[in-house]
Each structure stands twice: as C-alpha cells, then as structure tokens.
Amino acid sequence: MSSHTRGIVVTVAVLVILFPFLYSLISGVLTGSSEIDGVFLERPDPKYQECVRETEYMRFHHMDLLKEIREEFVRYGNRGEIGFDSCRSCHTSRERFCNQCHNAVTLNLDCFGCHYYPEPTFETANLRKRGSR
Amino acid sequence: MNRRKFLKKGGMVLSGTVCADGLLLLTSCNPSETTKENRLSRHKWGMVIDLNKCKPECTACMEACRQENNVAFHGDKRWDIHWIRKVGIQERHSENAGEKMIPMLCNHCENPPCAQVCPVQATYKRDDGIVIVDHHRCIGCRYCMIACPYNARFFNYKDDPDWPNKSYPKRSHGVAESCHFCAHLLDQGKRPACVDTCEKIGVKAIYFGDLKDPNSEVSQLIADTPLKRIRADLGTEPKVYYKGL
Amino acid sequence: MEVQFAKIEGKSGPFYLATGLLAGLGLAGVYATYLMHEHGIYLSGMTNRVPWGLQIAMAIFYIGLSAGSLVVSGLYGIFGKAEYKPFARIAAYLAMLFLIAGLLSILTDQGRIDRVFVEPFTHFNASSMFSINPSLYSGHIMICVIYLWALFKEKGKLTKIASLTVCLWAIGTHTGTGAIFAFVPRELYNSPLLPPSFVAAALSSGAALMILVIVTLFRATRRKIDDDLIIWMGRRLLAVFLLCALYVMLIENVHRVYLMASREAGLFFLFGGFHSVLFWGGLIFFGSIVPALLLFIKRTGTSIPWIVFASGLVVFGVLCERFLIVVPGLIHPPDLFPGMEITRSVIEEGIVQYSISFLELLQALGVFGIIGFAFLVGLRVFPLAPKEARAEL
Amino acid sequence: METAEGTSQGVEFEVRPGAVLAEDGKPLWIDPDLDFIKWLGTQGAESFKKCFQCGTCSATCPISPETDPFPRKEMAWAAWGMKERLLKDPDIWLCHHCNDCSTRCPRGGRPGDVLAALRQQSVLHYSVPTFLAVWVSQPRFAPLLLALPAILLGLAMILRDPLAEFLGYTSQLGGRIVFSYSSFFPHWLINSFFGFFGLLAMLATIAGVFRFWRALPAPQAGQDSKGLFQSILAALKKIIVHDRFSKCKTTIWRFVAHLCVFFGFIALTAVTLWVITGRVNPLIQGEFVYPFSFWSPWKMLANLGGAVLLMGCILLVYDRLEDSDRAGSSTYFDWFFVLTLAVVTFTGFVTEFMHYLRLEPHRHVIYFIHLVFVFGLLIYLPYSKFAHIAYRTAAMVHAEYTGRKWGDSVPATAPVEDVVSEEEAIS
C-alpha cells in the first residue's frame with residue numbers, strides 16, 4: 001500500500017471516528033440536546049398519580065409484568081384487575097407511550113397487530129413487525 | 001503444539017458454556033403447566049346441539065362467532081377460517097335420505113390430539129376442559145392441524161384487515177387457532193357467542209353448560225336423551241354432543 | 001497402505017460456476033422465506049386442509065439421505081472394511097449437511113420463525129414427536145461432527161465408537177421421523193409400518209446418493225477409484241436395501257387395502273389421483289423395479305454408468321416416496337361421519353388439491369443451494385476426498 | 001590495539017569497532033543463560049542457532065535503524081544467551097515481525113520469530129505482578145485464565161442487588177427505561193466493576209513500561225535527541241499512520257489486518273467512553289438514552305468499527321493459519337491475544353443480534369460470555385500480547401528520544417517484482 005493511499009485511508013478512518021462526536025457537539029449546540037431520538041415519555045393525566053406498580057419496577061420490568069399477566073389470563077383464566085387494557089386507560093397514546101421508546105432502541109413490538117390500542121394512526125401501526133414476543 | 005492445545009482448551013470451555021446454556025433452558029422448561037391449582041377446575045364445559053331444531057340455512061352462529069372473535073375471512077375457501085361451520089351430510093348410497101346441516105366446531109376433546117402433538121405447549125387443555133391456543137407461543141408448525149381428526153383447526157395464512165370486536169384481540173398471520181368456547185366470555189360469566197345468538201333468534205338449538213354440575217341443562221340432556229358425538233370411536237372423548245345425528 | 005486425503009483445488013471455472021449458482025439459489029430461498037414470513041404462508045401452496053407440503057417432504061427426504069453416512073461408516077467403522085475408509089469422511093460430512101438441511105426445511109416452513117429459536121426450548125413438550133425429533137436431529141449432527149473429527153485425527157478407537165453411535169442414533173432419528181406421521185390419527189398416516197419403511201427407504205436412498213456423490217466427485221477431480229468398490233456398494237448394499245423398502249411398502253399397502261376399515265383410503269392412495277401416478281410410475285417402476293433390474297442383471301450391474309443411473313433413479317424414487325408419505329394423507333379427508341357423505345360446506349371438505357407454489361419451490365431449492373454450497377466449500381477447505389480408493393490394500 | 005586485563009589469562013584481544021563490549025569498554029566475558037536459551041527453543045525461536053552473522057537480516061529489514069541495526073545483533077546475543085542485554089534492548093520492540101528477514105535468511109533462520117519470542121520474554125520480565133504474566137504465557141493455565149473473569153463477574157452479579165440496595169442506584173435512574181440486558185447486568189455495575197479493574201490493569205501496565213523505560217539506555221551526548229514530548233508526538237504519528245508497519249513486504253496482510261483492528265478498536269473505545277461518561281457529559285442536555293437506536297451516529301460508528309475489527313481479526317487468524325512460514329511461527333502467546341479479541345468481537349455482534357431478536361434467555365448467556373472475554377482482555381492487558389500497545393510505543397518513543405534514524409532510509413530489500421509476486425501469492 002503506497003503512503004499516499006495509506007494517508008487517505010487513515011484520514012478517512014479518523015474522520016469517521018470523529019464524526020459522531022462532532023455530530024453530537026453540533027447538534028448539542030444547535031438543539032440544546034445531543035440526542036436526535038431522545039425519548040419523550042408521555043406524562044399521563046395528572047389525576048393518575050401512580051402506575052399499577054411503582055415506577056422503578058415498571059421501568060425495569062414492565063415486560064415481565066405484562067408477560068406475567070398474560071400467562072395468568074391466557075393459561076389459567078385469571079383476569080386480574082390489571083390487564084393489557086389497563087395501560088391505555090392512563091397512557092392514551094401508544095405512539096408516544098410505547099412505540100417511541102421501543103423504536104428508539106430498535107426493539108419492535110408486535111402487540112398491536114392483534115391487541116387494540118386506540119391510536120389515530122392505527123393503519124400505519126406496524127402490523128407486520130416481527131421479532132418480539 | 002501450543003496452538004492446538006489452546007484451541008482444544010478453548011473448545012472445552014466453549015462446550016462447557018453451551019452445556020450451561022442447555023441447563024439454563026432446561027430449568028426454564030415447565031411441562032406440567034395446567035396442573036397448577038386454579039379456579040377453572042370447578043367446571044367442565046360441554047355443549048349439546050339439537051339438530052332437529054337447527055335450521056338448515058341459518059348461519060347466525062357462524063356470523064356471531066366471526067363478529068365476537070375477529071375470525072379472519074378472505075373469501076377464499078383455502079384460507080378462510082370458521083371456528084364453527086355448518087356441514088351438509090346425507091346417507092351414502094340412499095336417494096331418499098334428506099340432507100342434514102350439522103354445525104361443526106372444535107370438540108374440545110378430553111384427550112386432545114392437537115395438545116398432545118404441539119411442540120411448544122401452545123395448544124393445551126384448560127382445567128375446565130377447554131382446548132385453547134396460546135397465540136403468543138404458537139410457532140405455526142401446523143402439526144395440530146395434522147393431528148386433529150375433525151378438521152376443526154385452522155391456520156392464519158394471511159392477515160385480515162377488518163376488526164369487528166375491538167375488545168378481543170386478533171391473531172397475526174402464522175399461528176394456528178380454533179374455537180375456544182369463547183373462553184374470554186366464560187371468564188366474565190357470560191355464554192359463548194353462538195349459544196347466545198342461537199337463543200336470541202329464537203331457535204335455541206345449542207345448549208351450553210357445566211358437565212360437572214349434574215342439574216345443568218346439558219347434564220340433564222346427556223342423562224336422559226340419546227346423544228351422539230362425532231367419531232367417538234377415536235377415543236378422543238369429545239365434549240360436543242349432537243341430538244338427532 | 002495408508003489412505004491419503006487431500007483438498008480439491010477448487011480453482012477451475014466449473015467449480016466457481018457451481019458454487020456461485022448454489023449460493024444464488026440459497027439467496028433466492030432466503031428471499032422467498034422472508035416474503036412468506038412477512039406476508040404469510042398463503043404464498044406457499046398450502047391450505048387449511050393441506051397444512052404440510054413440499055418443505056416437510058423435502059425435510060424428511062434430507063433426513064433419510066443422511067443415512068448414507070450410516071451405511072458407509074458402518075462398513076468402515078463397525079465391520080472394519082478398510083477399503084471403504086476413503087469414503088468415510090465424505091459420508092460423515094454429507095450426513096451432517098443433510099441433517100442441517102432437514103432442520104432448515106422444517107425451520108423455513110414455520111409460521112413464526114422468530115419464535116422457533118425460543119419456545120421449543122423454553123416449553124419443551126415431551127409428548128410431541130415434533131419436539132422430540134429436532135433434538136434427535138441436533139444430537140445426530142453433534143455425533144457426526146465428533147465422528148468427522150475422529151476421522152480427521154485418525155483416532156481408531158474413537159472412530160469405531162462414534163460410527164457405532166451414529167448407527168444406533170440414526171435408527172432413532174429415522175424411526176422418530178417416521179413416527180411424526182405414524183403416530184397421528186389419520187387413515188393414511190397411522191400405520192406402525194411407517195417408521196420401518198422410512199428406515200428402509202432412508203438406507204436405500206442414502207446408499208444410492210453416496211454412490212452418486214462418490215463417482216461424480218472422483219470423476220470430476222480425476223481421482224482413481226476401483227470399480228469393485230462401487231459395484232459392491234451397488235449390488236450388495238443398494239439392491240438389498242431397495243428390496244427391503246419395496247417389501248415393507250408392499251405389506252403396508254396390502255394391509256391397508258385388505259382391511260375394510262381402511263380399504264377406501266388405501267384404494268385412494270393407490271388409484272386416487274396424481275399421487276398414484278407418482279406412486280406407480282415414480283416410486284414403484286422407475287424408483288424400484290428398474291434400478292433393481294439394472295443392479296441384478298450382471299451386465300448392467302457391473303458397469304459403473306448403469307449403477308450410477310440406477311442410483312439416480314433410486315434417489316428420485318425415494319423423493320417421490322417422501323412426497324407420498326406427506327401429501328396424500330392430507331388431501332384424503334378424515335372420515336368425519338362414517339357412512340355419510342358430505343354434500344356441502346363452507347370450507348374444503350372431501351378430497352382436495354395441493355399444488356406447489358413457485359415461492360415454495362424456491363424455498364426448497366434454497367435449502368438445497370445452501371447445503372450444496374457448503375459441500376463444495378467443505379471439499380475445498382477440508383481434506384475430505386481421498387487421493388485414490390483401491391479395492392485391495 | 002588494546003588488551004583486556006584480568007580474568008583473561010593474558011590472552012590478547014583485538015577489539016574492533018562495533019564489537020560487543022562491557023559497560024567499562026572492556027571485552028565482555030559471556031556466561032550464557034542456558035535456561036533462557038532453552039526457553040527460546042520452546043517458543044519456536046530455536047533457529048538463532050543457525051545464524052552465522054552474515055547480516056542479511058539487518059540489511060533486508062525495511063524498518064531497521066541505520067545505527068546498530070537489528071535483528072543481527074539480537075541473533076548473536078540470543079545465541080550467546082545474553083538475556084540481560086536483550087532485555088535492555090529497545091530494538092526487539094521496534095521490530096514489527098515483517099519476516100522479510102526470515103524469508104531471506106540464507107541459513108533458513110527466522111530472526112522474526114526470535115524477536116517475537118524476545119518480546120514475550122520482555123513482557124514476562126517487566127510486567128508486574130509477574131505470576132500473572134507466567135499464567136498468561138503458559139497454555140496449562142488457560143482454564144484458570146478463563147475461569148478467573150467468569151468467577152469475578154459471577155461475584156459481581158451476586159453482589160448486584162445488595163450493592164444497588166446499598167448505593168441506592170435503583171432510585172437514581174431518572175427517566176431511563178432500562179432494557180433486559182441492563183437489568184441483567186446493570187450499566188452502573190459494568191462501569192464501576194470494569195472501571196476498577198481497568199484502573200488496576202492500567203496501573204500495572206504503567207508500572208511495567210516504567211521499568212522497561214528505566215532499563216533502556218539514556219540518550220548519549222552527540223545523539224541529536226528531541227525533547228521527550230516531541231518524541232512522543234512523533235512516535236504517536238508513526239503509530240497512527242502505521243508508518244513502520246506499512247513498510248513490511250512479506251506480511252503485508254498483517255499490516256492491513258492491524259490497520260483494521262487498530263481503527264476498529266479505537267472506534268469501539270470511543271463509543272464505549274462516550275457511553276460510560278454519558279450521564280455526566282456536558283454535551284448531553286437532558287436524557288442520555290441508552291441503548292442507542294440503530295441509526296444513531298454512535299451506534300453506526302460502533303457497528304462499523306465492530307465490523308472492521310471483526311474483519312481484521314479474521315484476517316489475522318487466517319494469515320497465521322494459512323502460511324506459518326510467511327506469517328511466522330504463532331505461539332500460544334500470540335493465539336491467546338488474537339483469539340480473545342476475535343471472540344470478544346464475535347460475541348459482541350451475536351449479543352446485539354439477539355438483543356434485536358429478543359431471544360430469551362439465550363442472549364443473557366451469550367452476553368455473559370461476551371463480558372467474560374471483554375473482562376479477560378482488559379485485566380490481562382499488561383501480561384498478554386496486548387501489552388505491545390504500551391511497550392512498542394515506549395520503544396518507538398525511545399527511538400525518537402535517542403534520535404535514531406530508524407527505517408527512514410530506503411532499505412536494501414529484494415527487487416520489486418519479487419515483492420509483487422509475493423503479494424499475488426498471498427491475495
């Protein structure tokens with residue numbers, strides 16, 4: 001490899017490595033937040049004070065809780081007071097409540113292909129999305 | 001030589017981790033799920049269909065089922081799904097015999113072959129005797145459809161856009177399904193959609209009730225009227241009885 | 001004399017052409033599978049009445065072919081026929097590939113491929129043949145790998161043990177595969193003779209394919225091979241297995257037609273439509289009788305080209321047989337109301353039709369492409385093929 | 001013409017310029033370190049016995065300095081078992097194992113491999129604590145070396161909940177939604193745990209390099225020595241642009257592979273640092289969101305860097321397996337580092353893939369394996385071949401510092417078409 005091509009390769013590599021940093025720097029200066037896909041969590045109606053579990057638990061284990069509820073209901077027919085529908089009584093917008101966060105970390109949901117969660121943009125909901133249980 | 005030694009050792013370690021994975025998976029198995037103690041075991045649901053009352057051209061039960069359970073309909077016989085369907089039969093080699101229309105649905109066998117062969121325990125028998133599919137778990141291998149001797153199980157070959165009953169989920173394409181005696185209604189203390197409709201239109205050809213309760217309508221009928229079950233000779237012990245078959 | 005193994009050069013134009021073609025097929029198959037996964041299995045020819053089709057037939061066909069290793073490894077490993085050592089490696093490698101192909105075919109046939117890697121492990125159902133068999137297959141693959149390793153490292157004792165294990169395990173594998181169909185309440189499926197007949201057909205097809213592959217490989221790479229080896233494999237092994245398979249099949253069908261309970265189904269299988277053409281023409285005449293004759297007649301049975309031709313016919317016949325295991329049992333309706341006939345219904349009752357769709361075919365070809373590609377690459381990377389194979393050492 | 005005194009029973013020596021002298025300018029009495037010679041033999045470097053000091057190696061080496069070039073003198077010292085002298089010698093670290101010498105040695109000796117073994121010796125000698133270096137250098141400790149990180153990480157996972165309880169971390173997570181990997185092995189745990197041991201490893205490395213540097217000869221008067229800072233800058237520039245490495249002819253592919261690994265690794269390190277410091281980063285107003293979305297620039301950089309790194313690893317392994325005559329003998333010391341790196345990269349990608357597929361619970365097992373190997377890579381840095389990032393840098397800085405013009409001159413190598421044919425043969 002000639003020193004010329006080597007110089008080009010190295011320069012490109014360095015630039016590529018620096019790119020995200022510069023990107024974050026510039027976008028941070030411009031928009032005040034460096035995260036383009038920053039997750040805006042929909043704050044529910046203030047009249048609902050707390051969630052079905054304490055917030056930390058929901059943040060860590062909401063999927064476990066949902067799975068738990070699912071098993072109980074589907075396999076043993078025990079419909080507890082919490083259900084899949086309980087979420088949407090407070091968090092009205094699926095788009096902002098579920099999808100944004102899950103899209104932000106590229107974890108596809110396929111709950112809504114089968115379960116109804118009122119959303120104005122329902123037709124555009126990812127009916128075909130796969131890859132999660 | 002050193003490299004080979006190292007590779008061998010690495011292989012040993014790797015295989016060890018693989019075994020660990022296997023162990024982890026095994027421990028997460030729970031084959032005896034339905035033995036869990038729950039309120040379901042108090043009932044055993046059964047159905048009696050009176051063919052003498054059932055009107056040949058009436059399809060109210062099919063429609064009600066479709067509306068209640070969002071059963072997919074594409075207008076193509078190969079892929080249409082009918083949890084309950086009406087089949088016209090008549091005696092072989094005899095001209096005079098008239099045609100009978102028979103509502104057919106999942107027989108909710110006591111010994112369901114579909115549950116026996118399901119590789120992921122997605123199809124299973126609830127403790128109240130209902131054979132039901134956990135659509136979150138089904139991998140769509142369609143072995144249950146092979147095993148079912150009644151053609152009562154169906155597969156979602158494609159998605160159906162329309163969604164009549166928003167309070168009940170649809171099924172994505174790629175999973176098998178069949179009648180579940182409207183278990184979601186039973187759990188709320190209601191009756192299956194077909195039974196309700198049949199009564200509402202004033203025919204009342206379908207009786208539904210608890211087989212464990214001796215003075216329920218169904219138990220009474222079974223006790224004192226000659227009833228038949230489809231292919232009872234297969235030993236699957238169906239829980240759907242027919243009067244006048 | 002010690003057998004010398006060597007990689008093939010794999011620098012010729014045909015080699016690159018073949019690998020490229022196979023890889024292309026594989027990609028096409030992947031694309032077809034992706035389409036079905038996105039839009040639904042209706043893109044295949046399967047329906048609610050015929051839920052299993054080409055892919056399952058191909059799967060059990062591949063599983064059957066893997067018995068080739070059983071035969072050859074048995075010759076070398078167990079009966080100590082040293083002159084068949086040259087083929088042992090290819091056999092083991094092919095067996096591995098075919099088992100993988102079987103698993104791939106089953107995998108691509110599922111409705112929810114994304115769950116296949118999870119649920120069967122976390123919710124194993126011991127009473128389902130369909131969850132027992134994949135474990136049998138993967139175990140078979142493992143043993144094949146160990147066996148291959150032992151062959152590469154020239155470990156005599158381990159080779160013996162491994163080949164013995166392969167044989168025993170393979171019996172389990174093929175019986176289990178037959179049981180997938182035999183243990184199901186359908187007239188054309190549930191017959192206790194299905195597993196044995198499956199094993200017999202597997203052995204014949206496996207031996208036939210070994211002959212095909214070995215001769216083609218040695219001719220293509222200009223390696224020396226003694227005709228006696230091929231002739232022995234053809235006349236002693238293949239012919240015998242062929243007759244066994246034929247015999248079991250005969251019993252099965254006669255029994256089916258003899259009993260009143262299953263006569264109608266049996267007659268439907270034998271004379272009921274296109275599959276009967278496959279049965280009589282593909283399986284019985286071209287798949288069994290013609291090759292048997294070719295092998296037993298001294299003049300043709302001792303000429304390599306004829307033996308290869310016969311082997312090809314046998315493989316084709318077994319392919320038909322696999323298709324005949326799966327499909328007719330499904331298009332023939334379960335007898336819902338004995339003594340009655342169904343006049344009308346909202347779904348397909350009675351006898352239905354199954355037609356293979358293009359994407360389905362693409363899937364099957366894709367699996368073939370993948371393992372073919374792996375085989376050629378393996379030939380180039382590992383020393384699988386011997387420099388020469390002599391009858392007397 | 002001067003004579004040596006003392007122990008020489010009056011034997012006269014003619015001392016030519018460039019002859020090997022003791023520090024006091026007297027002729028040197030050599031007592032060979034036989035164990036050292038034996039040990040070299042076990043490291044695929046026995047070929048120094050073939051050396052007859054023709055000097056082809058030094059002449060053909062594309063990166064050898066003009067003033068007392070390697071590897072000729074190292075070959076002699078190795079043959080004489082002058083372990084101390086070799087340990088003080090920076091040149092073994094200037095060598096990039098091009099093997100141009102090994103392929104051209106008229107006696108079939110392999111100076112490249114000898115110097116590789118000497119480098120391992122120097123890591124063994126300088127790194128602290130020494131017993132870890134001994135473990136890393138011997139295959140029979142491999143299970144132990146793999147078990148150690150696993151055990152430590154297992155310990156960390158056992159301590160996870162009590163620690164979180166104690167530190168009150170569960171209540172300081174702000175608005176972050178934490179996904180399964182993090183609840184399995186939380187980031188604060190990774191940061192603190194890996195941070196702590198990373199610090200230890202860094203200290204050990206610095207200690208080792210410090211000892212190495214002290215042993216190196218100080219710049220003599222007359223050598224046009226740059227300042228230390230200038231030397232470091234010059235050396236770093238040479239390293240980043242692979243100035244020396246690219247001169248290699250025989251193992252040109254190792255240069256390409258190293259280029260890939262180098263920049264891939266740097267990219268991943270940059271992303272890792274960004275993630276670790278994400279919570280306290282002044283650039284990030286508001287929430288720091290992790291894991292990144294697939295199209296976030298940082299994630300893209302991470303994936304790109306990982307791909308490049310993986311490619312480099314594959315190239316390295318393939319190059320070593322494919323032709324050991326060209327690539328030089330690969331000892332366990334080499335494989336330990338290369339394979340660890342490869343496994344880290346590979347399992348990393350598998351983890352990401354399983355994260356997208358949500359394959360429970362397999363992905364936790366894979367993720368744990370990944371963490372174990374990353375941890376191993378980290379804590380064995382000062383003792384494995386990974387330490388070359390410190391030692392070679394030090395040696396190169398030293399070369400600049402003592403003002404040696406190394407490799408700037410055009411070396412007398414084989415004719416060009418020879419090289420071209422070699423490259424064709426390789427590619």
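So, this is a predicted model, keep that in mind. Let's begin in chain C, with a pair of helices: H10, residues 227–258, and H14, residues 304–326. Their axes come within 10 Å of each other and cross at roughly 35 degrees. The crossing of H10(C) past H14(C) is left-handed.

Who's doing the touching there? On the H10(C) side you've got Asp227(C), Ile230(C), Ile231(C), Gly234(C), Leu238(C) and Leu242(C). Facing them from H14(C) are Ile304(C), Ile307(C), Ala310(C), Ser311(C) and Val314(C). Sort that contact by class and you get eight nonpolar residues, two polar and one charged.

Chain B has seven helices and 10 strands. It runs to 245 residues, and 48% of those are buried. If you take the contacts in chain B between residues at least 6 apart in sequence, 61% of them join residues at least 24 apart.

Now the bit I really wanted to show you: where B and C meet. Chain C puts 43 residues into that contact, and chain B puts in 49. On the chain C side, helices H5 (113–116), H6 (119–122) and H7 (129–152), plus strand E3, each supply at least two residues. Which element of chain C gives the most to that side? That's E3(C), with six residues. By class, the chain C side comes out at 20 nonpolar, 15 polar and eight charged.

And what is E3(C) doing there? It's part of an open sheet of three strands, ordered E3(B)-E2(B)-E3(C), with antiparallel pairing.

Zoom in on the join between the chains. Strand E2 of chain B, residues 84–91, is linked to E3(C) by five bridges, and the two run antiparallel. As a quick reminder, strands in a sheet pair through backbone hydrogen bonds.

Helix H2 of chain B, residues 60–69, lies across E2 and E3 of chain B. Relative to E2(B), H2(B) runs at about 155 degrees.

Definitions and conventions. Residues are numbered from 1 along each chain as its sequence is written. Chains are lettered from A and ligands numbered from 1 in the order in which they are written. This is a predicted model: local features need pLDDT of at least 70, side-chain atom pairs count only at pLDDT 80 or more; totals for chains, interfaces and linings use all residues. Two strands pair if DSSP finds at least two bridges between them. Helices (H or I, at least four residues) and strands (E, at least two) are DSSP runs, numbered from the N terminus. Two residues are in contact if their C-beta atoms, placed from the backbone, lie within 7 Å. Axes are lines fitted to C-alpha atoms, for helices over the stretch in contact, and angles run from 0 to 180 degrees between N-to-C directions. A crossing is left-handed if the near helix is turned anticlockwise from the far one by less than a right angle, and right-handed if clockwise. Ala, Val, Leu, Ile, Met, Phe, Trp, Tyr, Cys and Pro count as nonpolar, Asp, Glu, Lys and Arg as charged, and the others, Gly among them, as polar. A residue is buried if 20 or more other C-beta atoms lie within 10 Å of its own, exposed if 12 or fewer, and partly exposed in between; C-beta atoms are placed from the backbone.
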